[in-house]
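Subject: Structure handover

Hello,

The structure is placed below. My notes on it follow directly after.

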Amino acid sequence: MYNFVKRILSMLFSVYILVSLLALYRPIITMRLSPLDPSSYSNAHELIIRHVDLDWTVNFDKSTISGTATLHFKLTKQDLEEIFLDVSDISVSSVVTKSSAGEIPLDWDIGGTVENVGSKLTIYLPTKTNGDLTLVITYETSPKASALQWLTPEQTFGKKHPYLFSQCQAIHARSILPCQDTPAVKFTYNATLHHPEEVTGLMSAIKVDSEPGVSKFQQKTPIPSYLLAIVVGALVSKPIGPISSVWAEQEQIDEAAEEFSQTADFIAKAEEICGPYVWERYDLLVMPPSFPFGGMENPCLTFVTPTLLAGDKSLATVVAHEIAHSWTGNLVTNRNFEHFWLNEGFTVFVEGKIVGRLAGNASRDFHALHGLSELSDCIKTQLADTPELTKLVVDLSECAPDDAFSTVPYIKGSTFLRYLEDLLGGPSKFEPFFRAYLNRFKYQSVLTNDFKQMLYEWFREDAKNEALLERIDWDLWLFGEGMPPVIPSYDRSMLEACLAHAALWAENDLDTIRNSPLLKQRLVSVQLIEFLAQLLEKKKIVDLTGEKIALLGETYGFSTTKNAELRFRFVRLYIRARLIDKMDEILAFANSNFRMKFVRPVYKELGAWPQGRPIAIENYNRVKDQMMTVCAYTVAKDLGISDASV
């Protein structure tokens with residue numbers, strides 16, 4: 001008997017060790033979580049959410065959203081027994097299924113947590129289920145929900161009311177509702193939003209009714225979960241076009257309306273390129289400084305960073321980018337974020353065409369060349385240690401989408417499309433195909449091969465294209481690392497002036513610079529940005545001292561500009577010159593906004609400066625609670641700080 005018990009105990013101990021090891025390595029083993037999407041647990045290959053009804057209460061005292069999500073499913077598999085949904089830090093209190101016989105409570109559990117990805121909500125069906133299914137899930141979000149940013153009145157412009165906003169892309173919708181958090185699934189939604197009476201509620205949908213403290217919304221066009229959006233704050237609006245208004249706090253509304261006055265023109269040009277606009281409204285919302293992106297293409301209500309308020313409309317092309325997403329991304333969507341270039345590369349491509357139609361082809365090409373400068377900078381700084389993430393199609397088996405986010409899908413992707421357009425006959429040949437592609441796949445989610453197959457189908461109708469199609473090295477473009485393998489023959493006329501100014505300041509002393517006739521040549525705002533970008537690209541800058549940088553600032557107005565793109569590059573020169581006496585200015589810019597495009601390079605470069613690194617870490621720990629989770633997490637990684645410090 002003793003030996004038998006001993007053997008049993010030994011076996012149990014072995015099982016314990018095995019389970020412990022599996023738990024230790026769980027994030028790696030389970031990262032490819034489902035057949036359709038490596039970052040989603042949902043069994044979307046067996047059933048699909050078609051519609052969602054939300055009833056939400058916004059509680060600023062608790063920093064939570066509570067209520068119900070009613071999910072309407074269409075089953076694609078017979079005799080289904082379990083449903084898998086994505087959640088993250090959500091407290092579920094009940095799950096019921098609705099039928100003609102009434103509501104039936106269901107058993108459920110949450111497990112399989114993967115860091116920076118989330119958990120699996122398993123719902124057990126009482127009998128094998130076919131056809132359609134409706135679930136009502138009652139739950140509450142966490143105060144630390146990664147998709148939500150809660151601001152105190154002191155963190156707003158008006159200083160009187162709190163503020164809430166969301167950012168669900170890429171995989172953060174799971175922190176505000178149990179869902180199939182994959183772009184492979186699209187659904188319509190209705191929402192009833194309960195909020196304090198003195199503030200305004202908005203969503204990525206059309207407001208259909210409102211009364212003090214209650215707002216109701218309807219989104220009739222199917223969207224992926226990452227386009228679900230909410231904002232609650234002291235907001236006012238001002239019309240800027242036939243189907244557009246801009247929303248902001250009262251203190252910014254007039255400035256915002258003037259800055260984005262070209263919105264209707266952008267929409268008109270986008271329709272020329274892509275076809276009819278299907279979303280009914282196109283409103284803009286100027287976000288608080290903690291918003292981590294330049295813009296977010298939430299349907300009917302694009303979120304934009306306040307760093308676009310340059311005073312001269314020079315950064316308004318970001319709005320053209322977000323408008324383009326109404327087709328490329330929102331209407332035709334990448335099936336998972338390994339193919340993110342199908343969203344962003346296509347959108348930058350359309351954005352460039354909008355710029356070209358409004359300002360000429362030289363401006364379109366300059367826009368593309370400036371993008372290549374940003375891509376080069378990104379590859380050398382942000383992605384220096386992860387070259388595999390410079391591929392156009394990435395592998396997210398062991399990497400969350402937030403970790404892979406960069407300018408690569410934007411610029412490398414749009415460069416590939418421009419290469420294809422030039423190769424296959426130019427805009428007159430490529431634009432009809434492009435419009436047909438959008439029309440064929442509208443309301444759907446696609447993979448790169450869907451685009452490739454249609455390209456070949458379309459252009460092979462003319463036998464003369466066969467040899468041209470054979471020249472496309474898809475493997476090199478899609479899976480090669482680094483910069484694009486081919487740079488199109490862009491018009492460089494606007495760029496050459498930028499290069500000349502960069503060479504002047506990089507290669508000469510102060511006296512030579514002061515006497516140069518080149519200083520009399522005027523550069524427009526977009527050229528000034530590129531000039532500074534090119535200067536930062538120089539491996540060596542002669543006599544990079546405080547005096548030289550001061551002269552640079554005085555000569556071009558960099559020291560006093562409101563343009564955040566210029567300020568971003570100018571303060572990086574302080575870091576490169578190791579000017580510790582300018583640290584207050586560096587940190588002032590880093591703390592003025594938490595747009596990842598700006599703060600990540602600044603922190604990464606401060607982290608590589610032995611004298612600046614401890615100051616950067618101290619500053620980060622002081623302001624990280626003002627950042628959205630995605631920003632705080634990625635900046636911590638850039639600084640090499642453990643997650644425990646975040």
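A salt bridge here is a side-chain nitrogen of Lys or Arg within 4 Å of a carboxyl oxygen of Asp or Glu. The model is predicted, so local features need pLDDT of at least 70 and side-chain atom pairs count only at pLDDT 80 or more, while totals for chains, interfaces and linings use all residues. Residues are numbered from 1 along each chain as its sequence is written, and side-chain values use heavy atoms, with hydrogens and water left out.

Salt bridges

By the rule above, the count is 35 salt bridges. In one of them, Glu 140 pairs with Lys 62, and the closest N and O atoms are 2.8 Å apart. This pair links distant parts of the chain, 78 residues apart: Glu 140 is in strand E8 (residues 132-140), and Lys 62 is in the loop between strand E1 (47-59) and strand E2 (64-75). Helices (H or I, at least four residues) and strands (E, at least two) are DSSP runs, numbered from the N terminus. Glu 140 is partly exposed at 23% relative accessibility, and Lys 62 is partly exposed at 44%. For these labels, buried means under 20% relative accessible area, exposed means over 50%, and partly exposed is in between (1.4 Å probe, protein chains only).

Lys 238 forms a salt bridge with Asp 254, with 2.9 Å between the closest N and O atoms. Here too the pair links distant parts of the chain, with Lys 238 in strand E16 (residues 236-241) and Asp 254 in helix H3 (residues 253-259), 16 residues apart. Lys 238 is partly exposed at 33%, whereas Asp 254 is exposed at 51%.

Arg 418 and Asp 422 form a salt bridge with the closest N and O atoms 3.2 Å apart. Both are in helix H9 (residues 408-423), and because they are four residues apart there, about one helical turn separates them. Arg 418 is buried at 10% relative accessibility; Asp 422 is partly exposed at 36%. Salt bridges with shared partners also join Lys 269, Glu 272, Lys 353, Arg 357, Arg 364, Glu 421 and Glu 431 into one network.

Helix packing

How do H6 and H10 pack? Helix H6 (residues 341-359) and helix H10 (residues 427-440) have their axes 13 Å apart, at an angle of about 130°. Axes are lines fitted to C-alpha atoms, for helices over the stretch in contact, and angles run from 0 to 180 degrees between N-to-C directions. The residues that meet include Phe 346, Lys 353 and Arg 357 in H6, and Phe 430, Glu 431 and Tyr 437 in H10. Contact means heavy atoms within 4.5 Å.

Two buried residues

Arg 174 is in the loop between strand E10 (163-166) and strand E11 (187-194). Arg 174 is buried, with a relative accessible area of 1%. Not counting residues up to four places away in sequence, Arg 174 touches Ser 39, Ser 40, Asp 86, Val 87, Ser 88, Ile 90, Val 117, Cys 179 and Asp 181. The side chains of Arg 174 and Asp 181 are joined by a polar contact of 2.8 Å. A polar contact is a pair of N or O atoms within 3.5 Å; within protein, one must be able to donate a hydrogen and the other to accept it, and residues adjacent in sequence count only if both atoms are side-chain atoms.

Ile 206 is in strand E13 (residues 206-211) and is buried at 17%. Its contacts beyond four places in sequence include Phe 217, Trp 279 and Cys 300.

Regards
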